[in-house]
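I opened my notebook to go through one protein model, entry by entry. Here is what I looked up.

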Amino acid sequence: MPSPQYSKQKGRDGENAVVNTLRQAFPWLRFIERKRLTGSQDQGDITGIPGVTIEVKNAKTMALASWVDQTEAEKANAGNDIGVCWHKRKGKTDPLDWYVTMSGAQWVDILGLLVNDQSVTSTAGLPSSQGNVSGVQED
């Protein structure tokens, strides 16, 4: 069984990897960083994206149900609208290859934001004619 210090370091490494990935993807969000531990009122691991709680897991075994429950509680503690758990995928070092998990209710909320945003014309790298989620006919 790994020592608690090893597990904490592994967690910090995962959090730092996600922070670096987000900073590269969104350089204009200058305050993306690891959040300090706040005990029972934890608000997630990553801060700096308004309205979003990110919990990061770098564990050998996945525990999705408890991770999603933890993320939902931390999202509520932070007063945020969006909460996701970004967790390491076995054999993958790049967070872009990891998984991001959320509750079904959270996914519906995110879809609602996308569908109601008339500026969204494509998703997942699809051409706009295939990826139009706004419901607006393009010319």
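**Entry 1: a salt bridge across the chain**

I began with E15, which counts as buried because its relative accessibility is 11%. My cut-offs: buried is under 20% relative accessible area, exposed is over 50%, and partly exposed is in between, with a 1.4 Å probe and protein chains only. I noted that this is a predicted model, where local features need pLDDT of at least 70 and side-chain atom pairs count only at pLDDT 80 or more, while totals for chains, interfaces and linings use all residues. Residues are numbered from 1 along each chain as its sequence is written, and side-chain values use heavy atoms, with hydrogens and water left out.

What does E15 pair with in a salt bridge? I found R34, with the closest N and O atoms 2.6 Å apart. A salt bridge here is a side-chain nitrogen of Lys or Arg within 4 Å of a carboxyl oxygen of Asp or Glu. This pair links distant parts of the chain: E15 is in helix α1, R34 is in strand β1, and they are 19 residues apart. Helices (H or I, at least four residues) and strands (E, at least two) are DSSP runs, numbered from the N terminus. R34 is partly exposed, at 31% relative accessibility. I wrote one reminder beside this entry. Side chains of opposite charge can pair when their charged atoms come close.

**Entry 2: the other salt bridges**

How many salt bridges does a search of the whole structure find? It finds 3. I looked up E55 and K57, whose side chains meet in one of them at 3.3 Å, N to O. E55 is buried, at 3% relative accessibility. K57 is buried too, with a relative accessible area of 17%.

I then turned to K75 and E72, whose side chains also meet at 3.3 Å, N to O. Both lie in helix α2, 3 residues apart, about one turn of the helix. K75 counts as buried, at 12% relative accessibility. E72 is partly exposed, with a relative accessible area of 26%.

**Entry 3: helix α1**

I checked the length of α1, which runs over residues 4–25. Its 22 residues should span 32 Å at 1.5 Å a residue, and its end C-alpha atoms are 32 Å apart, so the two agree. The expected span is 1.5 Å times one less than the number of residues.

Which residues of α1 are buried? I listed G11, G14, E15, V18, V19, T21 and L22. They cover an arc of only 165° around the axis, so they sit on the same side of α1. The arc is that of the directions from the helix axis to the C-beta atoms. Q5 and Q24 are exposed on the other side of α1. The cover over the buried residues includes β1 (33–34), β2 (46–47), β3 (52–57) and β4.

Next I looked up W86, in strand β4 (residues 82–87). Is W86 buried or exposed? It counts as buried, at 10% relative accessibility. I left aside neighbours within four places in sequence and listed its contacts (heavy atoms within 4.5 Å). Among them are V18, T21 and L22, which are also in the buried set of α1. The contacts of W86 also include E55 and K57, the pair that meets in a salt bridge. Y99 is another contact. W86 and Y99 are 13 residues apart in sequence and 5.8 Å apart in space, C-alpha to C-alpha.

**Entry 4: out at the surface**

I went to G79, in the loop between α2 (64–78) and β4. G79 counts as exposed, at 59% relative accessibility. G79 and V52 are 27 residues apart in sequence and 9.1 Å apart in space, C-alpha to C-alpha.

L114 lies in helix α3 (residues 104–116) and is partly exposed, with a relative accessible area of 31%.

**Entry 5: the whole chain**

I closed with the overall layout. The protein chain has 4 helices and 5 strands. Along the sequence, the pattern is α-β-β-β-α-β-β-α-α. Buried residues make up 29% of the 139 residues.
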